Amino acid sequence: MENPKNFSVVRIKSSPEFSEKEKVNKNNKRYKWILLLKAHKLIVFLTWFTNGFRALHSKIKKRIANSEKIHSNRGKLYKFIRIFLIISMAALIFEIIAHFQNWNLSLIQPMEVEGLLHWSYVAWLSFRVDYIGPVVIMLSKFCIVLFMIQSLDRFVQCMGWFWIKFKRIKPVIEEPPDTDDPSSYPMVLVQIPMCNEKEVYAQSISAACQLEWPKDRVLIQVLDDSNDETVQVLIRNEVNYWHEKGVNIIYRHRFDRTGYKAGNLNSAMTCDYIKDYEFVAIFDADFQPNSDFLVQTVPHFKGKPDVGLVQARWSFVNIDENLLTRLQNVNLCFHFEVEQQVNGHFLHFFGFNGTAGVWRIKALEDSGGWLERTTVEDMDIAVRAHLNGWKFIFLNDVRVLCELPESHETYKKQQHRWHSGPMQLFRLCLPSIIRSKISIWKKLNLIFLFFLLRKLILPLYSFTLFCIILPLTMFVPEAELPVWVICYIPIFMSFLNILPSPQSFPFLVPYLLFENTMSVTKFNAMISGLFQLGSAYEWVVTKKTGRLSEVDLVSMAAEMEFKSSNHQSLLQRRASESGLELLKKLREHEEAPVVKKKRNRLYRKELFLAFLLLTASARSLLSAHGVHFYFLLFQGLSFLVVGLDLIGEQVN
């Protein structure tokens, strides 16, 4: 460059070729380095993804092992869903390949089939059309008929409710008691059955002890089945506190918890002093009746010797706690406002709710008393009383405060008991119903409406139609369900369900999806109760949190001042009766409560159905089904939310 004259013309002309080669070499080196960096990033990502997937898989397995106790009968439905999911996943893979390869059975000639995969798909299409399609079509038509019958029954009940609202029909008290003459008040027994109810025992006993009724005409029985000695001491102290205030209250404890709640109530009714009482009011441990409860219920028996039960409505202190409690409120509002009120007015019969009701003791005795043969002793005694000719009255205006389950685990166990018990009872009561002397109409109502339609058919078609047949039709288009089955009628029926609680209207769609997710639990419970499987007689006490209403907080604040001054003396007195060890346990329990960490659970059936529905929604997307896709997608997501325990509070 210092002496440019030394460069020849040929060399100067050829210099650009050398520069281009150098550029190409540099670009090749840069491209190789870029490829190496990308390959390194890919390897790092695959390693991270593999390790993360393994850790997640092991964590899921551990949580599943810790979350559920495996019962022998519980795996059958799970295995069926798992096999169905595997088949549907394989079918989806076939359909995806066929979609992008433009395979069509109507356009394919036998000589045009190429490859084993292509031949397998054609064979699957032929087998589907000839064998699977007709079976699915027949099953879907059967479920649609059940769906329409149940929807018609629900619609008729709503029409009856509209009639009651339009006519303003209410039960009336014919002869109110004379307030100036205490002897005109009948003798009433109040029973509070409980078992390890340390969160709610105080408020339920307090509410019962403040009922407005002549003190010498009422007796409160606290029926304690607790096996926790600390809880026993706490309940005894509460009973003693109210006894010292002049309340006629006694404490009963069974050492043998045979028969659960039915055995507890039956044991209490064997006392000699029961013959002095005419009526018995029953409240579960989390129920807090208003002070005028007896004044509003017991007088309905006066002048009506054929009335055996007066049932009040439930009201809830924790409706707005979470999404789960809001959805439960929709269901229970329809149950009380429509089902119980309509059946009580037109049929004088409904299922006893187990609490917040008053029985005529003679009706209990004529019907055989409390039996321990099912997990729904309340429905059992109601059916037997109906067969003996007793009539029931439902009071929609009288409400008793209680609380809703706030965790999905607790709600599932409650629903399992509520849906397995009726099937046990139906199997046991069917011969008695047929042999009874009631009218043919009442027999048909009990068998076909009360048991079969509302207790068996509802969970049967709900699970089969929306959780099995609907995703199956995405892979068997010959049996595709019409839009009115999966969209219009369910939304209309959900709208009717939500009418008694109009403030819950924003939860219309979540309510519809959540009811379908609960159909798995209800279907499983119904099958176990009908065929006497292992979990049919499982009784788990519903966990309570002990939430208080505003009125309870005010009254409890007034009580605490008196209790604080007498609490120590009560503990000293109980020490001589129950022993120093119990006193020590009680003090340790109060001073150092154990706080357990809350955690989510995993529910396998719901998770498998979530993946099944999401798989079906992917197949529906390929076929551009529209409404079917959106329903399957949102239903699958709702199953996923429930399966991961993301609805409601977690449990300890």
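Met159 is partly exposed, because its relative accessible area is 35%, and the scale here takes buried as under 20% relative accessible area, exposed as over 50% and partly exposed as in between, with a 1.4 Å probe and protein chains only. This is a predicted model, in which local features need pLDDT of at least 70 and side-chain atom pairs count only at pLDDT 80 or more, while totals for chains, interfaces and linings use all residues. Residues are numbered from 1 along each chain as its sequence is written, and side-chain values use heavy atoms, with hydrogens and water left out.

Met159 lies in helix 3, and helices here are DSSP runs of H or I of at least four residues, strands being runs of E of at least two, numbered from the N terminus. Together with Leu152, Phe155, Val156, Phe162 and Phe492, Met159 forms a nonpolar surface patch with about 530 Å² of accessible area. Patch members have over 30% relative accessible area and no salt bridge, and nonpolar side chains are joined within 5 Å, like charges within 9 Å; a salt bridge is a side-chain nitrogen of Lys or Arg within 4 Å of a carboxyl oxygen of Asp or Glu. Helix 3, residues 116–167, supplies the largest share of this patch, namely five residues.

Let me turn to the aromatic rings. How many aromatic pairs does a search of the whole structure find? The search gives 26, where rings of Phe, Tyr and Trp (its six-membered ring) pair if their centres lie within 6.5 Å, and planes under 30 degrees apart count as stacked, over 60 as edge-to-face and the rest as tilted. One of these is the tilted pair of Phe279 and Phe301, at 4.5 Å centre to centre with 35° between the planes. This pair links distant parts of the chain, since Phe279 is in strand 4 and Phe301 in the loop between helix 7 and strand 5, 22 residues apart. Phe279 counts as buried at 3% relative accessibility, and Phe301 is buried with a relative accessible area of 3%.

Phe349 and Phe392 have ring centres 5.8 Å apart and planes at 40°, so this pair is tilted. Phe349 sits in the loop between helix 8 and strand 6, and Phe392 in strand 7, 43 residues apart. Both Phe349 and Phe392 are buried, and both belong to one aromatic cluster whose members include Trp314, Trp359 and Phe450. Over the ring of Phe450, 4.3 Å from its centre, sits the charged end of Lys455, the criterion being NZ of Lys or CZ of Arg within 6 Å of the ring centre and within 35 degrees of the ring normal.

Notes. Areas by Shrake-Rupley, 256 points an atom, 1.4 Å probe, with all protein chains shown as cover.
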